[in-house]
Amino acid sequence: MLAAVLHGPRDLKVEEVEEPEPPEGWALVRTIAVGVCGTDKAFYLGTYPLLKRPLVPGHEAVGEVVEGPERLRGRLVVPEINFPCWRCEVCREGLYTHCPSKRTLGIDFDGALAERFVAPAGALHPVEGLDPLVATEVEPLAALLNALRQAPLRAGDSVAVIGTGNLAVMLLQLLAHLGFESVAVARRGSPKVKFVERYAVEVVFADELRGYLSKRTRGGLGFDAVFEVSGDPSALELAVEAVRPRGVVHLKSTPGSPATFNSTAAVVKEVRIVGTRCGTFREFREAIELLRRGVVKPEITAVVEGLARAPEAFERSLERGQVKVVVKA
């Protein structure tokens with residue numbers, strides 16, 4: 001079968017590879033569409049060293065089950081991306097996304113940028129009725145729901161979202177649905193500002209943030225909660241500056257490279273920095289429902305037709321104006 005195989009930085013080739021065979025209890029899925037994620041881009045650029053070399057990337061996936069349990073065969077599904085052992089102490093504590101023996105689709109285990117991929121049957125969620133392009137965004141939306149579950153916002157909290165990419169656009173819609181009026185923080189000159197403007201009550205440019213905080217936030221002290229979803233490791237410094245004392249910084253970016261920030265300011269302000277990763281079964285179900293109802297509408301700015309054009313899709317995803325690029329297999 002054909003697969004896009006990443007050998008190293010900017011070395012993505014479409015090659016013939018052996019079709020994976022699903023172990024007992026797993027399913028074989030025919031790929032329909034795959035979103036290019038920020039983590040995929042970090043692997044592609046080399047800022048995040050490959051955890052498996054070579055690697056078939058792709059975890060924001062949707063496909064049709066061609067082999068597996070009868071209840072799933074022929075159905076349109078999206079996969080959770082963490083495949084745990086279900087036997088260890090961590091799994092038994094309910095932290096299966098952190099299982100030390102887990103395999104993670106498209107991260108350290110060959111992913112969905114191939115004609116077919118495999119996943120445990122229990123990790124597959126049916127999504128009939130969803131546009132397959134929209135269904136690729138179940139996984140990142142579930143990750144945002146996980147952040148809100150781990151450190152919930154309180155009624156009346158002031159909220160800022162740093163970034164203008166896919167996570168920022170979906171998060172602003174989610175926060176509006178929950179009743180929060182959020183401010184978007186963007187780089188001046190970013191062509192993606194127009195997307196966050198649709199859902200934020202206001203857009204503040206990063207170089208004006210300090211003045212904005214002193215004049216427009218409660219007591220001039222900053223926001224109760226700041227979500228860093230920019231994909232830029234330097235944005236953590238901005239998040240710590242923007243959050244008020246005893247506020248919460250939600251850290252979502254996985255660029256692979258280290259972040260430098262003013263830890264003294266974080267300590268003096270008694271800031272909580274909460275890193276969150278993937279959604280669980282519960283968040284996947286919630287994400288599917290939110291997308292099905294149109295509460296969250298992903299901004300898919302480019303669709304690249306055909307697996308053979310996956311390298312083109314990755315290059316296109318690096319363009320400053322792209323929010324989400326999806327490969328349609």
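Axes are lines fitted to C-alpha atoms, for helices over the stretch in contact, and angles run from 0 to 180 degrees between N-to-C directions. Helices (H or I, at least four residues) and strands (E, at least two) are DSSP runs, numbered from the N terminus. The model is a predicted one, in which local features need pLDDT of at least 70 and side-chain atom pairs count only at pLDDT 80 or more, while totals for chains, interfaces and linings use all residues. Residues are numbered from 1 along each chain as its sequence is written, and side-chain values use heavy atoms, with hydrogens and water left out.

**Helix pairs**

Two packed helices are described by the angle between their axes and the distance between the axes.

| Helix pair | Axis separation | Crossing angle |
|---|---|---|
| H7 (residues 209-216) and H8 (residues 235-242) | within 10 Å | roughly 20° |
| H4 (residues 138-150) and H5 (residues 166-177) | within 10 Å | roughly 55° |
| H1 and H11 (residues 310-317) | within 10 Å | roughly 100° |

The axes of H7 and H8 cross at roughly 20°, which makes H7 roughly parallel to H8. Angles under 35 degrees count as roughly parallel, over 145 as roughly antiparallel, 65 to 115 as roughly perpendicular and the rest as oblique. H7 passes H8 in a right-handed crossing; a crossing is left-handed if the near helix is turned anticlockwise from the far one by less than a right angle, and right-handed if clockwise. Leu209, Arg210 and Leu213 of H7 meet Leu238, Glu241 and Ala242 of H8, where contact means heavy atoms within 4.5 Å. The residues of this contact comprise 4 nonpolar, no polar and 2 charged. In this classification Ala, Val, Leu, Ile, Met, Phe, Trp, Tyr, Cys and Pro count as nonpolar, Asp, Glu, Lys and Arg as charged, and the others, Gly among them, as polar.

For H4 and H5, the axes cross at roughly 55°, and these helices are therefore oblique to each other. Their crossing is right-handed. On the H4 side the contact is made by Pro140, Leu141, Leu144, Leu145 and Leu148, and on the H5 side by Asn166, Leu167, Met170, Leu171, Leu174 and Leu175. These residues divide into 10 nonpolar, 1 polar and no charged.

The axes of H1 and H11 cross at roughly 100°, so H1 is roughly perpendicular to H11. Asp40, Lys41 and Tyr44 of H1 make the contact with Pro311, Phe314, Glu315 and Ser317 of H11. By class, this contact has 3 nonpolar, 1 polar and 3 charged residues.

**Cavity and pocket**

On a 1 Å grid over the protein atoms alone, a cavity is a set of points where a 1.4 Å probe fits but cannot get out, and a pocket is an open set with protein on both sides within 12 Å along at least five of seven lines; lining residues have an atom within 4 Å of a point. Grid points are joined across faces, edges and corners, and a volume is the space filled by probe spheres set on the points.

The structure holds 1 cavity of 30 Å³ or more. Val36, Lys41, Ser317, Gln322, Val323, Lys324 and Val325 line the largest cavity, and this lining divides into 3 nonpolar, 2 polar and 2 charged residues.

The second largest pocket has a volume of about 260 Å³. It is lined by 17 residues, of which Met1, Glu18, Pro20, Val56 and Asp110 are the closest to its centre. Strand S8 (residues 116-120) supplies the largest share of the lining, 3 residues. By class, the pocket lining has 10 nonpolar, 1 polar and 6 charged residues.

**Individual residues**

A cis peptide bond, with omega of about -5°, joins Arg53 and Pro54. Pro54 is placed in the loop between helix H1 (38-45) and strand S4 (60-67).

Arg246, in strand S14 (residues 243-251), has a positive phi of about 60° although it is not a glycine.

Ala329 is in the segment after strand S17 (325-328). The C-alpha atoms of Ala329 and Ala33 are separated by 5.5 Å, although the two residues are 296 residues apart along the chain.
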